[in-house]
Amino acid sequence: MENPALFYSVAALAVFIAGISKGGFGGALGMISTPAIAMLVHPLTAAAIMLPCLLAMDVLGLWRFRAHWQIKLLLPVLPGAALGIGVASLLVDVLSQQQWLLVTGLTILGLVVLSRLQPHPIASQRLRGFGWGSLAGLTSFIVHAGAPPLHQYLLREQLERRSFVATSFIFFFAVNSMKLPPYISTGMLDADTARISLYLIPAGLVGVMVGEHILSRFNAAQFRHLIQTLIILSGITLTIKGLV
């Protein structure tokens, strides 16, 4: 780390934005945080630094939104997420960071197009949940970009705003917990990266509370429209980052 002051300034802002995204929009724009940190350190190190921060934010979000959980909606999603994480852990040394960004961005945009072409899918909730969960686990592993696939699933369930965010927190707490063993076993997360994460966690916790405050300012229609817009923007952003 050549310039610690610059690094911690950028990283704290990135984690803060991730917290706002989680607390206000279910994590819909938080995937920009890891690429931002990756501009200053190795991409795998950036992902490892983010993971403990995300877990801390998930714990806070689970508590603050505990009255709005919809756990049963995630029963078909979490097995798919486990499969996606397993596949991604095998590809961690195969694809470069740029390739991960490009694949993730194109996948998100493809999902948006697919959802427009098939507004009333024939597939059962269980099958849709498993499919979206698999994609969320895959795209979440390296760049922490699992929100768009999950949200494509949750948006069809017509959840109230706080239930949408609360259920997103449950999913990502489970997924981020699943990622811990492979992160540690591959050496991505070690004592040094964990120490850096500890310094950044407070920024993420503050961000969650700010995001929760922002959430109260939107009605249901505005919230749904904003989530769909953020999904599209995240896909475009990650695709551009993967190409440049």
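F223 is buried, its relative accessible area being 3%; buried denotes under 20% relative accessible area, exposed over 50% and partly exposed in between, with a 1.4 Å probe and protein chains only. The model is predicted, so local features need pLDDT of at least 70 and side-chain atom pairs count only at pLDDT 80 or more, whereas totals for chains, interfaces and linings use all residues. Residues are numbered from 1 along each chain as its sequence is written, and side-chain values use heavy atoms, with hydrogens and water left out.

F223 belongs to helix α10 (residues 220-243); helices (H or I, at least four residues) and strands (E, at least two) are DSSP runs numbered from the N terminus. Setting aside neighbours within four places in sequence, F223 has contacts (heavy atoms within 4.5 Å) with G24, F25, R161, F164, V165, L215 and F218.

V175 is part of helix α8 (residues 161-185). With 0% relative accessibility, V175 counts as buried. When residues up to four places away in sequence are not counted, V175 touches A81, I85 and S140.

Each of these two residues can be paired with a residue elsewhere along the chain, as tabulated here.

| Residue pair | Separation along the chain | C-alpha separation |
|---|---|---|
| V175 and L78 | 97 residues | 7.7 Å |
| F223 and E160 | 63 residues | 9.4 Å |

Helix α7 (residues 147-155) is mostly covered, with 9 of its 9 residues buried. Among the buried residues of α7 are P148, P149, H151 and Y153.
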